[in-house]
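Please keep the sequence and the coordinates in view while reading.

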Amino acid sequence: MILLISSLIGWHLPHLAAHSPHIKIAALVNSTPNPTSTLASSPLLSLSQLATKYNCPWYHSVSEMLADEAVGPILDGAIIATSHASHYQVGMPLLQEGISRRQRHAEGGENTAHRVINILMEKPM
């Protein structure tokens with residue numbers, strides 16, 4: 001289950017979806033429901049439209065997504081394709097969730113150690 005966090009979310013999804021059935025989009029995260037771009041020649045789809053098209057929920061923040069019991073615990077990876085200035089803010093909750101999973105497993109708690117969160121982040125952290 002892959003999470004996509006992107007300022008140009010509609011541009012990345014067709015490429016990820018092309019690799020189905022190996023990739024399942026778990027959720028979309030973007031702070032605005034109607035992404036825009038000066039690079040796009042036509043309007044980008046809204047997050048609501050993209051979520052319907054790719055059969056997944058969308059969230060305003062990573063923290064909101066991680067709190068959702070239907071999505072957060074089953075997340076395997078995240079692609080962070082946002083502006084450089086937001087990488088820390090977006091990536092840190094995912095890193096903390098991965099650490100928490102390992103700690104709970106080490107303490108004999110829930111068996112989520114197999115669900116390491118792999119993060120692909122563009123350029124600097």
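Helices (H or I, at least four residues) and strands (E, at least two) are DSSP runs, numbered from the N terminus. The model is predicted: local features need pLDDT of at least 70, side-chain atom pairs count only at pLDDT 80 or more, and totals for chains, interfaces and linings use all residues. Residues are numbered from 1 along each chain as its sequence is written, and side-chain values use heavy atoms, with hydrogens and water left out.

The loop between α1 (9–17) and β2 (25–29) contains I23. With a relative accessible area of 24%, I23 is partly exposed, because this class lies between buried (under 20%) and exposed (over 50%), for a 1.4 Å probe and protein chains only. Leaving aside residues up to four places away in sequence, I23 touches I2 and L16, where contact means heavy atoms within 4.5 Å. The C-alpha atoms of I23 and M1 are separated by 6.7 Å, although these residues are 22 apart along the chain.

T82 is buried, its relative accessible area being 14%. Its side chain makes a polar contact with the side chain of S86 (2.7 Å); such a contact is a pair of N or O atoms within 3.5 Å, and within protein one must be able to donate a hydrogen and the other to accept it, while residues adjacent in sequence count only if both atoms are side-chain atoms.
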